[in-house]
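Here is a friendly note to read with the model open beside you. Take the points in order and find each residue as you go.

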Amino acid sequence: MAKKVKLKVQGLTSSQVQSGAYALILAEADGLHRIPIIVGTSEAQSIAIALERIIPPRPLTHDLFVTLTHSFGILLQEVFIYKFEDGVFYSELVLFDGERQVRIDSRTSDAIAIALRLHADIYTTEAIVSECGLVLGNSGGKEEEEDTDETAVSQKDTDLDPGSFDNPDDLEEWLALLSDEELSDKLNEAVASENYEYAKIYQEELKKRK
């Protein structure tokens, strides 16, 4: 069985790319990797309430799930993010009722909102960390300046960022115009400023070119 990697919730940030969405940042518990996951407004609100330990006047859906597990003596052993495919993270709740273990498929945002309330551990695979994780402190700056009077993208264009584009096709076209060196620089800048959503976009574009 592949080794599992423990994660912790680092926090939430407003999405710079997708309006009305948020980036949930998961941090490697014993490492430098950060994994950004885009979640909706309601899921972000529920996660934020759990992080801030706020008790709502009426139970939210995730609070209701927690009440059910307590009422029937069910233990949430862990949340396991087991797959990343086509930009989507797949997770499962690992439950134990004292006699048998049951795995229930769940959206990652829901699973984490519940895990925070039940103080359950969150895990993923080494493969997902390798594919989706962004490494803090990875300077990786350019070592040599290219001697050229021409560049594929003007200075004005390189000053843009993914948040400058409303249309995904325009964003993809802009990324394609950037050189590997420019993408690496932008990736390092995004990681340094902890803008993991932008960093993920630059990282994926670089991986596509390999």
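Is E205 buried or exposed? Keep that in mind; point 5 returns to the matter.

1. Before we start, a word on the source. This is a predicted model, in which local features need pLDDT of at least 70 and side-chain atom pairs count only at pLDDT 80 or more, while totals for chains, interfaces and linings use all residues. Residues are numbered from 1 along each chain as its sequence is written, and side-chain values use heavy atoms, with hydrogens and water left out.

2. Eight strands make an open sheet in the order 6-5-4-7-1-2-3-8, and their pairing is mixed. At the edges lie strand 6 (101-107) and strand 8 (134-135), each of which pairs on one side only. Helices (H or I, at least four residues) and strands (E, at least two) are DSSP runs, numbered from the N terminus; two strands pair if DSSP finds at least two bridges between them. Strands of a sheet pair through backbone hydrogen bonds, either parallel or antiparallel.

3. Now follow some neighbours across the sheet. Strand 1 (residues 4-14) runs antiparallel to strand 2 (residues 21-28), with seven bridges between them; here T13 stands opposite A23 in strand 2. Strand 2 is also joined to strand 3 by seven bridges, again antiparallel, and these two form a hairpin with four residues between them. In this pairing, L24 faces I37 of strand 3. Strand 3 then pairs with strand 8 in the antiparallel sense over two bridges, where R34 stands opposite L134.

4. Helix 1 (residues 41-51) lies across strand 1, strand 2, strand 3 (33-40) and strand 6, and runs at about 125° to strand 3. Contact means heavy atoms within 4.5 Å. The axes are lines fitted to C-alpha atoms, for helices over the stretch in contact, and the angles run from 0 to 180 degrees between N-to-C directions.

5. Back to the opening question. E205 is buried, with a relative accessible area of 7%. The cut-offs are these: buried means under 20% relative accessible area, exposed over 50%, and partly exposed in between (1.4 Å probe, protein chains only). The side chain of E205 meets that of R209 in a salt bridge (3.2 Å, N to O). A salt bridge is a side-chain nitrogen of Lys or Arg within 4 Å of a carboxyl oxygen of Asp or Glu, and by this rule there are eleven salt bridges.

6. R209 has another partner. It forms a salt bridge with D180, the closest N and O atoms being 2.8 Å apart. This pair links distant parts of the chain: D180 is in helix 7 (residues 180-192) and R209 in the segment after helix 8 (196-208), 29 residues apart. R209 is partly exposed at 31% relative accessible area, and D180 is partly exposed too, at 43%. A network of salt bridges links D180, E205, K208 and R209.

7. E204 counts as partly exposed at 34% relative accessibility, whereas K200 is buried at 10%.
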